Amino acid sequence: MSGLRLTGLRKAFGPTEIITGVDLEIADGELVVFVGPSGCGKSTLLRLIAGLESVSAGEILIGERDVTRVDPARRGVAMVFQSYALFPHMTVRQNMGFGMRVNRVPKAEAAERLEKAAALLQLTELLDRKPAQLSGGQRQRVAIGRAIVRDPQVFLFDEPLSNLDAELRVQMRAELSALHARLGATMIYVTHDQVEAMTLADRIVVLRAGRVEQVGAPLHLYDDPDNLFVAGFLGSPRMNFLTAEVQASGRLRPEGTEVDLPSPIPNLRPGRRVVIGCRPENVELGDGPLEAKVRTVEQLGNSTFVHMDCANTTIAAELHQRWGTQGDATLRLTLPTAKTQLFDAETSLRIRG
Amino acid sequence: MNRSPVALLVLTLAPALLGLAIFRAYPIGLALYESLYTTIAGERTFVGLENYVGLLTDSGFWKSLRVTLWFNLIINPLQVALALALALMFVQKLPGMAVFRLLFLIPIGISLPVAVIIWRIVLLPEGFLNGALGAIGLGPYRFLTSPDFALYSIIAIATWKGISYWMIFLVGGLQNIPPEINEAARLEGASAWQRLWLVTLPLLRPTLLFVLVADITINFLLFAPVFMLTGGGPRGSTNVLMYEAYKSGFVFGDMGRAMAIVVCLVAMLLVIVAIQFRLLSSAPAKEAR
């Protein structure tokens, strides 16, 4: 196993730059999740690391070895594809043993590695089946098994759970997490699903438009986002944002209201436009300076999401109790100052005290 | 109104079935029927299997059969292999591919008679090809009038005309293989050659089977280039069974013999196609064991 380092990595397809300069260090044995909206370049970044796309500029180091121009097969990486990419005409055994077959690994050793991986993934019973005779979850395990037998330095997962149904996805997520703990391997995992990112990652890399927006532990990113994009991307429903202007008194007046809210950060320049961010679970209903009109109420049983119109925008509140109010009711709410964050309205960057 | 699904089935299938009956079943039946008759002095007489028995001892038939088999033994593997090679090139994302694609699609757009006439001009003793070969000190060769060359010239022309057509089917088959499967094989360390043998070709097998069967059928029944270029000659070197049947029926007026040859040809074709289906479609099942 080894870590991985990306330096000044760029990738352009024709005149379009997809990856616009990524610097990233991944420690040995770490599970890092690349997350971002579709088209953010996360899959391209993974394919650059795998060697399936050529790098336009920059370096990729695996361990201490520069693999930027090394053939994909010799980089010491194994990849699990979203579509599993199993060979449909081969049995599970042949699929998992394919790499060893083409690399002429001695038969006894190949069989031993294959049996070991099959046992680890509970595939022993299925070794003589073809992919078409397997369920989605089983196919996914075969794809992972094919990666494991190669004993790679880095595992690459490209949205491996997107083709599974919700229940199976939760189960496979737990299995992957356990697998990572058992193998202690360096893993890079690409997903657009922030729940997968939050639950699996040692560290999350949030990508947007080919750039890294922020890197950090899942809860660190959730609690302490660097900018509006990261704040809005992690969490569901997403963080509430109210555009406001700093008053002469230092207080904040949200657009479309006549109320001034206390600022979590003192001494802001009057007239500056800021965005107040507050997570739905921190919004307090019942009393407070802001007036809101209820739009929809989503009852999930253990929690309730209330979506409201407030200060020219929509505000969501998450309550851990049942909530009887229906649409069109008017109520008051508070965004507790200690639990709000401020962002610059122009640059989208976090304003820290 | 009758709402029975059977009636509906018959009604909707009727046009296709009618076409099949008129254009396929009827000629085959007619050929079978006619092959049992002979025409002597303008009078049609029932002779049973005599036309077939006659073929057995007919050296002209056997020679023509040898030419047909040799022709097919060369042209079919050649066409499929070239079409596959072109298809593999066709799907590459390389610069200049658009021109390549256009060039290889041109033969499909040219009608066979026109193509044959152009090739005839190219292959004449004083034609373009001999001119080019003469420039490097070779030839001239009698491409269409020498028994050593004529069959191969026809193979070349039919191949030129045919491969782009088969290439399109194979391109379709190749594009049906998800790119990740090849990428996965690449990551596993398979060379380009191994990827072709172990991944691409097995997955292309259904398309290859279709192309091979359809190609053999067409080449067994090839007629126009022979008719237009060599008339079966020189010295019978291009006298395939289809042309032998044509001569027998329309030149010598022995329709019974012509039909017997056609029936033999169709019977051989059916056997060959059946063998191919068995060989190519049972192979994946064997692998599973």
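Colleague: Helices (H or I, at least four residues) and strands (E, at least two) are DSSP runs numbered from the N terminus; what pattern does chain B follow along the sequence?

Modeller: Chain B reads α-β-β-α-α-α-α-α-α-α-α-α-α-α. That comes to 12 helices and 2 strands. This is a predicted model, where local features need pLDDT of at least 70, side-chain atom pairs count only at pLDDT 80 or more, and totals for chains, interfaces and linings use all residues. Residues are numbered from 1 along each chain as its sequence is written, while chains are lettered from A and ligands numbered from 1 in the order in which they are written.

Colleague: What does the C-alpha trace of chain B span along its principal axes?

Modeller: About 75 × 75 × 45 Å. Of its 289 residues, 30% count as buried. Buried is 20 or more other C-beta atoms within 10 Å of the residue's own, exposed is 12 or fewer, and partly exposed is in between, with C-beta atoms placed from the backbone.

Colleague: And what share of the contacts in chain B with a separation of 6 or more is between residues 24 or more positions apart?

Modeller: 68%. A contact here is two C-beta atoms, placed from the backbone, within 7 Å.

Colleague: How many residues of chain B are in contact with chain A?

Modeller: 17 residues of chain B, against 18 residues of chain A. On the chain B side, α8 (179–187), α9 (192–220) and α12 (255–288) each supply at least two residues. The most comes from α8(B), with 6 residues.

Colleague: What is that side made of, by class?

Modeller: It has 10 nonpolar, 2 polar and 5 charged residues. Nonpolar takes in Ala, Val, Leu, Ile, Met, Phe, Trp, Tyr, Cys and Pro; charged is Asp, Glu, Lys and Arg; the others, Gly among them, are polar.

Colleague: Switching to chain A. Which domains does the assignment give?

Modeller: Domain 1 (4–226) and domain 2 (237–351). The bounds come from an automatic or database domain assignment. The centres of the two domains, taken over C-alpha atoms, are 39 Å apart.

Colleague: How many residues are in the largest nonpolar core?

Modeller: 119 residues, and those with the most contacts inside it are A:V33, A:L156 and A:I188. Such a core is a set of buried Ala, Val, Leu, Ile, Met, Phe, Trp, Tyr and Cys residues joined through C-beta atoms within 7 Å. Its largest share, 7 residues, comes from α9(B). Both domain 1 (4–226) and domain 2 (237–351) of chain A give residues to this core, so it lies between them.

Colleague: What does A:V33 contact, leaving aside neighbours within four places in sequence?

Modeller: A:V33 is in contact with A:Y189, A:T191, A:A197, A:L200, A:A201, A:I204 and A:V205. Apart from that core lies another, of 34 residues, among them B:F61, B:L144, B:I155 and B:V262.

Colleague: Now A:L156. Its strand is β7(A); how many of the residues of β7(A) are buried?

Modeller: 5 of 5, over residues 154–158. A:V154, A:L156 and A:D158 are on one side, A:F155 and A:F157 on the other, and both faces are covered.

Colleague: Which strands join to β7(A)?

Modeller: Strand β6 (residues 77–80) of chain A runs parallel to β7(A), with 4 bridges. Here A:V80 stands opposite A:F157. Strand β8 (residues 186–191) of chain A also pairs with β7(A) in the parallel sense, over 5 bridges. Strands pair if DSSP finds at least two bridges between them. A:L156 stands opposite A:I188 in β8(A).

Colleague: Where does the chain go between β7(A) and β8(A)?

Modeller: Through helix α5 (residues 166–183) of chain A, in a right-handed β-α-β crossover. Right-handed means that, with the strands pointing away from the viewer, the path from the first strand over the helix to the second runs clockwise.

Colleague: What is the strand order in the open sheet of 5 strands?

Modeller: β12-β11-β13-β18-β19 of chain A, with antiparallel pairing. β12 (252–254) and β19 (350–351) are at the edges with a single partner strand each, so one side of each has no neighbour in the sheet. Inside the sheet, β11 (residues 240–246) and β13 (residues 273–278) are joined by 6 bridges. A:F241 has A:G277 in β13(A) as its bridge partner.

Colleague: Last one, back to chain B. Is B:I108 buried, exposed or partly exposed?

Modeller: Partly exposed, because 13 other C-beta atoms lie within 10 Å. B:I108 is in helix α4 (residues 97–109) of chain B. Leaving aside neighbours within four places in sequence, B:I108 contacts B:S164 and B:Y165.
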